[in-house]
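Good morning, and thank you for coming.

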Amino acid sequence: MKIADIKVFVACPARNFVTVKIITEDGTIGWGDATLNGREMAVVAYLKEHIVPCLIGKDAHQIEDIWQYLYKGAYWRRGPVTMAAIGAIDIALWDIKGKVAGLPVYQLLGGKSRSKIKVYAHANGESIDDTLNNLEKLIEQGFKAVRLQCALPNSKGTYGTLGKKKDYYELQSNRPLPPEHAWNTTKYLNFIPKLFKAAREKYGMEIELLHDVHSRLTPIEAARLGKELEPYQLLFLEDPVTAENQAGYECIRQHTTTPLAVGEVFNTIWDSMDLISRQWIDYIRVAATHGGGITPLRKLADFAALYHVRIAPHGAPDLSPICHAAQAHLNIWANNFGIQEFVGFGNETLNQVFKHPLSYKDGYVFLEDKPGLGVDYDEILASNYKYKRSYLPVTRLEDGTLWDW
Ligand code: GCO
Ligand code: MG
């Protein structure tokens with residue numbers, strides 16, 4: 001079944017998304033997500049100029065071979081741009097295979113390990129009270145797990161918060177230049193345990209709580225934070241340090257039993273190899289798009305299972321509903337699924353542009369049974385929403401030093 005055409009769309013229905021459409025000679029359509037937040041157009045160029053011409057006429061069923069062809073065959077391996085491009089193609093090919101077979105993708109992976117997907121949402125706030133009010137609203141909506149992020153007192157524009165201009169970093173859609181936020185590690189380390197203490201005192205020990213450090217600490221600072229958070233029993237502490245040096249996690253591990261999660265910026269299984277095989281982490285968060293698609297994520301999940309590591313794919317709103325659908329199929333299949341980050345597709349335009357098979361109820365996401373991924377993209381409607389260059393903020397210490405995000 002030959003690939004007849006591949007189209008690449010970039011649109012901004014609420015925020016920028018890059019979407020790939022593969023059409024086979026018999027008219028079957030597969031959809032893939034190629035969105036790389038803040039670097040969207042690099043992936044568009046990579047796809048159009050370097051991938052699409054090589055795939056026309058190839059057999060759409062040869063998913064493994066096409067993946068290897070794009071990965072090994074390019075000589076230049078890895079990297080977020082390359083892997084998001086390969087990821088989108090791979091996701092679209094799985095969509096096609098499922099449609100041709102008349103089966104949802106999770107059936108092709110090995111069938112269901114569960115009937116619903118446990119998710120965590122985000123509670124962000126300007127102060128502890130504000131954050132806890134937002135936590136309460138999510139508990140009322142049935143969430144069983146919530147990530148808490150809170151602005152630091154006396155600190156300007158700290159990440160993860162709404163701020164006066166409602167400049168919540170997750171929701172950016174039109175920042176033509178990167179805004180700059182200030183960071184102070186001492187204030188942060190002294191403050192975060194207070195947030196979790198207050199949350200546990202008010203809402204008890206049953207609700208699962210999580211926190212994302214966005215790699216802003218050194219290993220020994222992160223070890224201290226993990227230790228101080230132990231009484232509040234987090235489900236996981238995410239990205240405590242950058243992971244280019246994977247042994248940083250060994251240092252944290254030696255000091256604390258707080259479970260650790262990492263991987264949203266990883267793009268190959270090799271980025272996770274030492275972390276997983278040495279049992280320095282508990283959850284691996286590689287996303288289907290950024291990790292090169294369903295093909296490598298299936299391998300990653302199986303590899304992680306050998307070491308008691310669970311998958312908890314990245315689920316920020318900058319991944320399109322196509323990536324979320326691909327991850328839902330993986331999550332339904334993998335025995336070692338942990339939890340899925342899910343903040344909803346609350347925006348009406350977004351839900352009209354991407355028709356997806358996911359619905360939320362009472363702390364879980366449900367995946368509708370449809371052949372393939374079960375997603376559809378309205379390219380005509382999407383064409384009304386033009387791409388707007390937009391960036392994540394950058395972070396500096398109070399003296400101006402550029403810091404990890
Ligand atoms: C998360 C991520 C996001 C990222 C964003 C970058 O855990 O959801 O850390 O907050 O910052 O996806 O594009
Ligand atoms: Mg994160």
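This is a predicted model: local features need pLDDT of at least 70, side-chain atom pairs count only at pLDDT 80 or more; totals for chains, interfaces and linings use all residues.

I begin with Thr 295, which is found in helix 10 (residues 294-305); helices (H or I, at least four residues) and strands (E, at least two) are DSSP runs, numbered from the N terminus. Residues are numbered from 1 along each chain as its sequence is written, chains are lettered from A and ligands numbered from 1 in the order in which they are written, and side-chain values use heavy atoms, with hydrogens and water left out.

Is Thr 295 buried or exposed? Thr 295 counts as buried, because its relative accessibility is 2%; buried means under 20% relative accessible area, exposed over 50%, and partly exposed in between, with a 1.4 Å probe and protein chains only. Leaving aside neighbours within four places in sequence, Thr 295 is in contact with residues including Ile 63, Trp 67 and Trp 94, where contact means heavy atoms within 4.5 Å. Its side chain also makes a polar contact, at 2.5 Å, with the side chain of Asp 90. A polar contact is a pair of N or O atoms within 3.5 Å; within protein, one must be able to donate a hydrogen and the other to accept it, and residues adjacent in sequence count only if both atoms are side-chain atoms.

Let us turn to the metal. Which residues are the protein donors of the magnesium ion (ligand 2)? They are Asp 212 (OD), Glu 238 (OE) and Glu 264 (OE), lying 1.9 to 2.2 Å from the ion. Donors are N, O and S atoms within 2.8 Å of the metal (3.2 Å for Na, K and Ca); water is not among the atoms, so sites may look incomplete. In sequence, the donor residues are spaced D-x25-E-x25-E. Asp 212 in strand 7 (residues 208-212) and Glu 264 in the loop between strand 9 (260-262) and helix 9 (273-277) are 52 residues apart. Asp 212 counts as buried because its relative accessibility is 1%, and Glu 264 is buried with a relative accessible area of 13%.

I close with the backbone. Most residues other than glycine have a negative phi. Ser 215, although not a glycine, has a positive phi of about 60°. Ser 215 lies in the loop between strand 7 and helix 7 (219-229).
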